[in-house]
Amino acid sequence: MTSTTATVERERRGFDLRRFARRHGWTIGVYMLLLVLALYWRSSTNLPWGPFDVQSLAIDALPFAFAAMGQAAVIISGGIDLSVGSLMSVANVVAAKYMVHMSFREALLFSLLIVLGGAVAGALTGAVIVVTRVADIIVTLAMLFVWAGVALAVLEVPGGGTPLKYQNLVTLDTVGTKWLPKALPIVVVAYALLWLTIRRVRPGLALYAVGSNRGAAYLSGINVAATRIGAYALGGCFSALGGLALTAASGLGDAHSGDIYTLNSVAAVVLGGVSLAGGVGGLIGPLAAAFVLTLVKTTLIIKGVDQNWAQVIQGTLIVLVVMIGGLAIRQRRQ
Amino acid sequence: MSSETTAHPETPPQVAAPDSRFRQGRRLLGDNPAIALTFVFVALFVATDIINRAQEGRPFLTLAQVSTTLLFAAVLGLLSAGQTLVMLTGGVDLSVATTATAAAFMISSYGAHGSLVAILIALGVGLGVGVVNGSGVAVFRVNPLIMTLGISTVTLGLLTVYSQHRFASLVPSFVNKMGSERFFKYIPYDLFVWAPVAALIILGLRYSGIGRMIYAVGDNPAACRLAGVRTWQILLFVYAACGILSAAAGILLVGFNDAADLAIAGPFLLPSVAAVVIGGTSIFGGAGGYSGTILGALILTVLDSLLTILNASPALKQMLYGAIILALAALYARAVSSD
Amino acid sequence: MSLLEARDVAKEFGPVVALRSANLKVDAGEVHALLGANGAGKSTLVKILTGVLRPDRGRVEVGGKAVSVSSPARAARIGLAPVFQDPALVPDLTISQNLRLTRASVTAVRRELRAMDLDVDFSELAGDVPLPLLRMIDLARALTRDPQLLLLDEITAALPSDLAERVVHVMRNWRERGRSVLFITHRLAEVIATCDRATVLRDGRDVGTLVPTEGGERKIVEYMLGPEAAAAEARAIQLDVDAAPASTAEMEKRPAALEVADLRASRIDGVSFTLRPGEVLGIAALEAQGQDDLFGVLSGQRRADAGEVRVGGRPLRARHPYDAIRAGAVLVPADRLLALLPQRSVRENIAAPRYNRFQRWGPIHLRDERRRVGDAIDSLQIDTRAARQVRRLSGGNQQKVTIARWLASGFQTLLCFDPTRGIDVGTKRQIYGLLRRLADDGAAILFFSSELAEFPLVCDRVLTLYGGQLTAELPGAAADEASLLRAMHGLVPEQAAA
């Protein structure tokens with residue numbers, strides 16, 4: 001059977017807009033939503049409005065964004081990490097406790113150490129899951145409490161501090177224009193360093209493979225255990241970054257500062273188009289979703305809604321998002 | 001139903017044989033948790049007695065202390081009763097503490113309307129939270145941990161708002177008496193709530209249709225479906241029951257404390273899970289029961305006294321509870337996979 | 001010298017013996033077929049050779065040296081490249097990402113595909129590429145590893161004929177290059193046309209190696225069935241079945257228990273038949289011909305796309321197995337783990353369907369339950385020594401429990417999907433006898449089995465399903481395995497052809 005039929009050359013095809021839209025439709029939608037919300041937020045107040053508002057939004061969203069990205073990395077690999085929140089608290093209190101008397105440069109180096117520590121802590125969680133074969137959700141639930149205890153042990157009452165310049169990193173410093181708080185480039189750099197690089201190489205692909213179909217991944221010769229541990233380590237990195245962001249934003253350490261981020265991160269991941277079943281999505285969607293959810297609360301408060309009510313409404317929205325996500329998984333299975 | 005089942009990837013089955021004494025211990029724990037747990041409970045009580053004598057120069061092993069332990073354990077016992085039901089179906093309810101707090105708030109704010117009204121409202125709130133949890137888990141198939149954690153956050157937020165508008169006034173004397181006083185000097189009144197509930201749950205799990213189905217859903221949901229069981233009904237029931245039981249725990253708790261605040265039941269969340277796990281109920285559902293949980297609650301209550309005597313920080317307690325859950329989950333998981 | 005040799009390989013899964021003692025020898029430069037009926041152990045042997053499973057016993061040799069194939073990655077390093085029926089491609093990654101994941105060269109794969117006259121857009125997500133094409137990509141990927149031995153595990157099943165032809169072409173090319181192919185298939189025509197030698201497995205053992213062109217189909221089928229053994233077993237079983245089936249004419253008069261009219265659902269493409277009380281109706285089919293979907297629809301596990309199902313004369317549109325059970329149609333699945341509550345007792349398992357209604361949530365009538373469960377246990381002779389946890393029972397006893405629960409709760413139509421898979425001969429015999437007895441007592445039974453020898457023993461009539469459609473109807477007595485095999489492959493029954 002010799003090939004006589006002419007094969008159509010489809011190798012160098014241009015940018016396929018329709019396919020891009022189909023594949024990334026959800027993410028695009030989240031960014032549209034973010035844009036609409038931002039416009040609404042801008043128009044919903046008569047008060048003078050300036051760079052300060054953008055900055056306070058960025059400060060609020062920064063830890064959330066890191067938590068969401070960390071959670072996304074784990075969920076893409078087919079797991080789930082409920083210890084995100086308390087690991088953030090640990091990073092927060094450790095940073096605040098020891099940075100008080102440090103110079104700015106020392107504080108930066110110390111931050112690097114904490115991020116590494118976060119990776120180790122995440123890897124530990126992953127290793128426990130792989131070795132004991134207890135479900136991810138149980139192990140990370142137990143770790144949630146263990147880290148919460150550690151955070152309390154480090155700093156029982158809120159306190160500590162950081163060099164002023166460290167706080168300025170996210171609260172005051174801007175890049176170029178006053179409208180671009182440094183918090184945003186920090187997120188983007190972290191995203192690019194920790195994710196874009198990994199996404200392009202084999203271990204990053206393995207993350208998707210393991211999350212998508214562990215059996216197929218194993219048959220493709222992938223080290224499933226190492227990949228899962230790696231995903232948790234990556235999640236730990238992001239959690240630590242989130243904790244540092246909390247420290248920089250508040251200048252304080254508080255053992256409960258990370259509590260809300262466990263659930264919020266899961267919601268942002270779902271809203272960001274990452275399937276809880278694993279294997280699908282990226283970090284860019286959850287990143288935007290974290291900003292969306294922060295904006296919802298900020299807008300409500302601007303509209304005169306009581307702070308606590310805003311929290312309740314945000315929480316309800318989060319539960320609804322997760323419920324719809326659950327339905328979506330069901331639909332997909334059918 | 002394809003006949004070519006895909007192989008279990010992960011790693012090949014464990015080859016290393018654990019040493020036999022360890023395995024025996026595991027067997028004992030797995031097959032007959034009640035005996036082992038009673039032993040642990042007594043041993044712990046005696047150890048606490050010895051330490052208390054050494055540190056404070058007072059005995060701990062007294063009738064009064066036993067009575068106090070029961071009094072304290074009732075709240076945890078009721079909270080972990082709901083938790084047991086939920087965990088038997090393979091889920092977990094992280095909103096039990098918040099639900100109890102909400103019930104406590106209802107009692108103190110409606111106390112003026114009489115204790116019956118207050119109690120009914122409190123139980124109604126518990127039922128409401130349970131039904132919301134249940135419909136999320138049963139109908140929308142949200143992961144139970146996430147659903148209940150979310151509902152817990154929302155409920156706590158609502159309570160915060162509520163507490164700003166309506167000040168907790170007074171706890172009715174009946175509730176107060178139930179939660180803190182004793183009958184004949186040694187029998188806590190809350191036992192009159194806990195004991196019947198415990199009997200109902202233990203017997204109901206064994207001798208009622210719903211009890212059987214709770215085990216069945218936890219053991220193998222796919223098989224339940226094939227047997228015609230509509231699993232959502234069972235799950236909804238279980239979460240609703242858990243809500244009511246949590247509310248009952250909250251009522252006793254506010255009776256004991258004589259005032260409600262937003263953090264009243266928070267510290268009980270983790271012990272409620274730990275008590276169930278200690279009691280031998282499988283974290284994946286389908287096996288276990290409430291009698292083990294009762295012992296788990298008693299053990300944790302004594303452990304708490306011991307840690308208090310030893311001056312342990314809340315942080316240490318928290319870590320310890322987390323570690324206990326993890327260790328026991330791993331142990332029971334191995335017990336299941338080894339035979 | 002042989003390229004690959006498996007010696008005395010055995011593998012058990014709990015109480016189920018998948019491979020008893022299998023030997024296989026593949027020479028360099030040959031296309032070797034591995035054949036066997038469903039459950040003969042082909043897949044297990046392939047999984048052992050490719051490092052997915054570890055054997056309990058026996059060894060694998062490559063080029064005369066014993067090797068330990070501990071993982072798929074290891075298998076690849078010693079020159080074995082498998083292509084499975086389910087392509088090992090991650091659906092959520094693009095084709096080129098998938099290739100990079102396994103360190104395959106994109107250009108080399110593209111070259112192989114082009115040699116097969118295929119053009120694939122590598123930037124598509126694997127999940128968006130049709131399954132047949134994915135298999136071809138998987139094959140191309142395996143070829144780029146330049147393996148000594150290519151293992152093709154049923155990849156031509158459900159491939160359109162033009163693609164299947166290309167696979168055959170690839171195998172021939174591979175042989176010309178002095179390499180070897182191990183080809184696992186159900187399609188005997190392909191074996192005869194392509195393979196140099198064939199090893200036949202039966203019941204976990206290799207029963208012989210033959211040259212397919214000498215003797216052809218007939219000889220292969222004979223090897224697969226093991227004529228004497230099957231006949232002997234048949235005689236033994238017949239002794240247990242005392243009552244003779246009701247006569248056809250008498251049966252026709254009874255109102256239908258189950259009527260299926262032009263049913264369509266995923267693989268099922270217009271199936272109609274009638275099942276009457278007192279009748280055991282067999283459904284024979286190769287793998288993945290739509291039998292799963294048929295039983296799934298009838299038992300309420302999935303919905304039909306079109307067509308009608310009537311149970312006991314009333315139309316049934318089951319949205320949940322509960323609806324089917326209420327209508328009287330109950331399922332005994334092949335995979336017992338799908339039906340049982342492994343940690344619960346035999347009694348709770350058997351009684352479970354009784355409590356599937358809200359009205360039964362209350363206290364249990366213990367005496368009634370004990371009686372019904374006891375009756376069911378007695379009539380099935382369940383060994384209740386390990387009754388505290390069903391998972392500790394043997395496979396046969398577990399399967400009896402799944403049947404017993406329906407005896408205890410009542411039914412009209414029993415849907416048996418391969419009820420004897422992986423259980424011992426003695427228990428099988430009891431189950432055949434039970435099914436006959438139930439039918440004689442007026443139950444209607446729909447029976448699918450992957451073991452062809454069972455059909456003449458149990459069934460009054462047998463329908464064969466091929467490609468989602470019914471292709472033939474045979475009277476139970478005439479449903480010998482040779483005729484069934486032909487009809488199941490979509491070929492005309494021998495009598496008609498002659």
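1. Start in chain A. Ala233(A) is buried because 22 other C-beta atoms lie within 10 Å. Here is the scale: a residue is buried if 20 or more other C-beta atoms lie within 10 Å of its own, exposed if 12 or fewer, and partly exposed in between, with C-beta atoms placed from the backbone. Keep in mind that this is a predicted model, in which local features need pLDDT of at least 70 and side-chain atom pairs count only at pLDDT 80 or more, while totals for chains, interfaces and linings use all residues. Residues are numbered from 1 along each chain as its sequence is written, and chains are lettered from A and ligands numbered from 1 in the order in which they are written.

2. Where is Ala233(A) placed? Ala233(A) sits in helix H10 (residues 224–250) of chain A. Helices (H or I, at least four residues) and strands (E, at least two) are DSSP runs, numbered from the N terminus. Leave aside the neighbours within four places in sequence, and Ala233(A) is in contact with Ala119(A), Gly122(A), Ala123(A) and Gly126(A). Contact has a cut-off too: the C-beta atoms of the two residues, placed from the backbone, lie within 7 Å. Look also at Leu172(A). Ala233(A) and Leu172(A) are 61 residues apart in sequence and 31 Å apart in space, C-alpha to C-alpha.

3. Now chain B. Helix H12 (residues 269–278) of chain B is mostly covered, with 10 of its 10 residues buried. Among them are Leu269(B), Pro271(B), Ser272(B) and Ile278(B). After H12(B) comes Gly280(B), which has a positive phi near 90 degrees.

4. Chains B and C touch. How many residues does each chain bring to the contact? Chain B brings 28 residues and chain C brings 39 residues. On the side of chain B that touches chain C, helix H9 (209–219) and helix H10 (221–226) of chain B are the elements that give two or more residues. H9(B) gives the most, with 7 residues. By type, the residues on this side of chain B are 14 nonpolar, 9 polar and 5 charged. Ala, Val, Leu, Ile, Met, Phe, Trp, Tyr, Cys and Pro count as nonpolar, Asp, Glu, Lys and Arg as charged, and the others, Gly among them, as polar.

5. Chain C next. The secondary structure of chain C comes to 20 helices and 20 strands. Of the 498 residues in chain C, 52% are buried. Take the contacts in chain C with a separation of 6 or more: 69% of them join residues 24 or more positions apart.

6. Chain C has an open sheet of 6 strands, in the order E16-E17-E18-E13-E19-E20, with mixed pairing. Two strands pair if DSSP finds at least two bridges between them. Strand E16 (329–332) and E20 of chain C are the edge strands, and each pairs on one side only. From one strand to the next, the twist averages 20 degrees. Axes here are lines fitted to C-alpha atoms, for helices over the stretch in contact, and angles run from 0 to 180 degrees between N-to-C directions.

7. Follow the pairs in that sheet. Strand E17 (residues 413–417) and strand E18 (residues 444–448) of chain C run parallel, joined by 5 bridges. Cys416(C) has Phe447(C) in E18(C) as its bridge partner. Strand E13 (residues 280–285) of chain C pairs with E19(C) in the parallel sense over 5 bridges. Gly282(C) stands opposite Val462(C) in E19(C).

8. Strand E19 (residues 461–466) of chain C is mostly covered, with 5 of its 6 residues buried. E19(C) and strand E20 (residues 469–475) of chain C run antiparallel, and 6 bridges join them. Thr464(C) faces Ala472(C) in E20(C). The hairpin of E19(C) and E20(C) has 2 residues between the strands, and Gly467(C) there takes a positive phi near 60 degrees.

9. There is another open sheet in chain C. Its 4 strands come in the order E12-E11-E14-E15, and the pairing is antiparallel. Strand E12 (268–275) and strand E15 (314–315) of chain C are its edges, each pairing on one side only. Strand E11 (residues 258–265) of chain C pairs with E12(C) in the antiparallel sense over 6 bridges. Ala265(C) has Ile268(C) in E12(C) as its bridge partner.

10. Last, a loop residue. Is Ser68(C) buried or exposed? Ser68(C) counts as exposed because it has 12 C-beta neighbours inside 10 Å. Ser68(C) lies in the loop between strand E5 (65–67) and helix H2 (72–77) of chain C. Ser68(C) and Leu99(C) are 31 residues apart in sequence and 26 Å apart in space, C-alpha to C-alpha.
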